Amino acid sequence: MISVIMLTYNRKKYVWHMIEDILHQSYKDFEYIIVNNGSTDGTEMVLSKYVKKDNRIKIITLEQSKSIGAGRNIGIKAAEGNFIAFVDDDDRVMPDFLEFLMCLILENDADISMCGASEGDGETRQPQCVFEEKMVLTGEEALRLLLGRKYIRAGIPTKLYKKEILLRYPFEEKYKNEDIHTQYKYLIAGKKVVIHGVDKYYITRHDSNVSGFTSNAQNWDAQTMGDYLAAFHNRTEFIREHAPNTYELALYSEWSYMLSMVEKIDRFQLQGCAALKKQMLEVLKKNKKHFIIMPEIKDFEKEWIERYID
């Protein structure tokens with residue numbers, strides 16, 4: 001029923017933890033596809049030991065490292081399950097992670113299910129999208145929660161997807177953060193999305209995380225900002241066409257991102273970002289009257305608008 005897909009790259013230190021967690025799941029009807037993304041640190045030796053122990057494990061070895069999106073697409077093409085879950089090679093999951101997500105799917109005849117998560121350095125634990133409620137939503141209702149960043153984050157793990165949705169919208173392959181380029185498409189495509197914010201997934205934060213820069217504003221650079229800007233603009237245009245009732249919220253989210261980046265560039269004196277800052281300010285200035293009266297706008301954003309936009 002479920003294909004679990006994990007991309008791994010030079011994570012000999014961490015990967016065995018997740019492999020053990022998946023192999024000891026209370027839900028047994030799964031295959032475990034591990035895409036070894038050109039590892040050179042001995043990760044392949046760890047994988048070879050486990051593939052001999054459990055025939056649910058399938059190893060796909062890539063000679064050259066590819067983007068996360070490309071690696072995940074390779075895993076999806078090889079998947080035989082009706083539903084697909086993604087896990088990261090340095091994270092941890094609870095023993096009933098798959099059972100919890102599958103029960104949400106079956107009990108509600110849903111296309112996508114989600115659980116809560118926490119994060120930390122391996123010793124600490126801070127909640128991320130953890131809450132008591134169980135919500136059964138349309139895809140567009142779930143999209144609005146994603147844009148509001150309260151109950152749903154763009155991250156791909158913590159979710160179980162009907163495979164046909166992922167096949168319809170393959171991951172972007174030229175960006176580091178493929179999740180922000182695709183998650184909204186999956187939600188819109190889902191006729192029914194069910195979320196229950198029980199903590200079943202642990203995100204391990206360390207210096208080599210691809211998304212580690214988000215926790216330290218001084219690590220942002222022009223290329224990363226530009227990638228996010230392109231993703232959010234494409235998201236706004238996609239929503240305009242496929243979920244027009246949510247277009248205004250998507251527009252607010254895009255402009256809010258621009259304003260926050262302008263503030264970061266200014267406060268941390270980020271180098272190499274002057275041209276991008278000018279570009280974002282031109283858009284914000286053009287749309288100032290519209291932006292400042294949006295119902296979602298925060299008081300601090302109004303202050304920033306007055307500070308940075310003539």
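Helix H4 is followed by Asp109, a residue with a positive phi, near 50 degrees. Helices (H or I, at least four residues) and strands (E, at least two) are DSSP runs, numbered from the N terminus. The model is a predicted one, in which local features need pLDDT of at least 70 and side-chain atom pairs count only at pLDDT 80 or more, whereas totals for chains, interfaces and linings use all residues. Residues are numbered from 1 along each chain as its sequence is written, and side-chain values use heavy atoms, with hydrogens and water left out.

H4 spans residues 97-108, and its 12 residues reach 17 Å from the first C-alpha to the last, close to the 16 Å expected at 1.5 Å a residue; the expected span is 1.5 Å times one less than the number of residues. The buried residues of H4 are Phe97, Leu98, Phe100, Leu101, Met102, Leu104, Ile105 and Asn108. Here, buried denotes under 20% relative accessible area, exposed over 50%, and partly exposed in between (1.4 Å probe, protein chains only). Over the ring of Phe100 sits the charged end of Lys200, 5.3 Å from the ring centre. The criterion for such an arrangement is NZ of Lys or CZ of Arg within 6 Å of the ring centre and within 35 degrees of the ring normal.

Strand S10 (residues 193-204) is mostly covered, with 10 of its 12 residues buried. Strands are taken to pair if DSSP finds at least two bridges between them. With strand S6 (residues 112-120), S10 pairs in the parallel sense over nine bridges, and Cys115 stands opposite His196 in S10. Strand S8 (residues 134-137) runs antiparallel to S10 and is joined to S10 by four bridges; in this case Lys134 stands opposite His196. Strand S5 (residues 92-93) and S10 are paired in the antiparallel sense over two bridges, with Arg92 opposite Tyr202.

The largest nonpolar core has 69 residues, and those with the most contacts inside it are Phe86, Tyr186, Ile195, Met225 and Phe291. A nonpolar core is a set of buried Ala, Val, Leu, Ile, Met, Phe, Trp, Tyr and Cys residues joined through side-chain atoms within 4.5 Å. Helix H9 (residues 247-268) gives the most to this core, with 12 residues. Apart from this core lies another, of 34 residues, among them Val15, Val46, Ala110 and Ala117. With contact defined as heavy atoms within 4.5 Å, and residues up to four places away in sequence not counted, the residues touched by Ile195 include Met114, Phe131, Lys134, Leu145 and Tyr151.

Rings of Phe, Tyr and Trp (its six-membered ring) pair if their centres lie within 6.5 Å; planes under 30 degrees apart count as stacked, over 60 as edge-to-face and the rest as tilted. By this rule the count comes to 15 aromatic pairs. Trp220 and Tyr228 form an edge-to-face pair, at 5.3 Å centre to centre and 70 degrees between the planes. Trp220 counts as buried at 9% relative accessibility, and Tyr228 counts as buried at 11%. The rings of Tyr228 and Tyr257 are stacked, because their centres are 6.2 Å apart and their planes at 20 degrees. Since Tyr228 lies in helix H8 (residues 222-242) and Tyr257 in helix H9, this pair ties together parts that are 29 residues apart in sequence. One aromatic cluster is formed by Phe86, Tyr161, Phe171 and Tyr186, and the charged end of Arg72 sits over the ring of Phe171, 5.7 Å from its centre.
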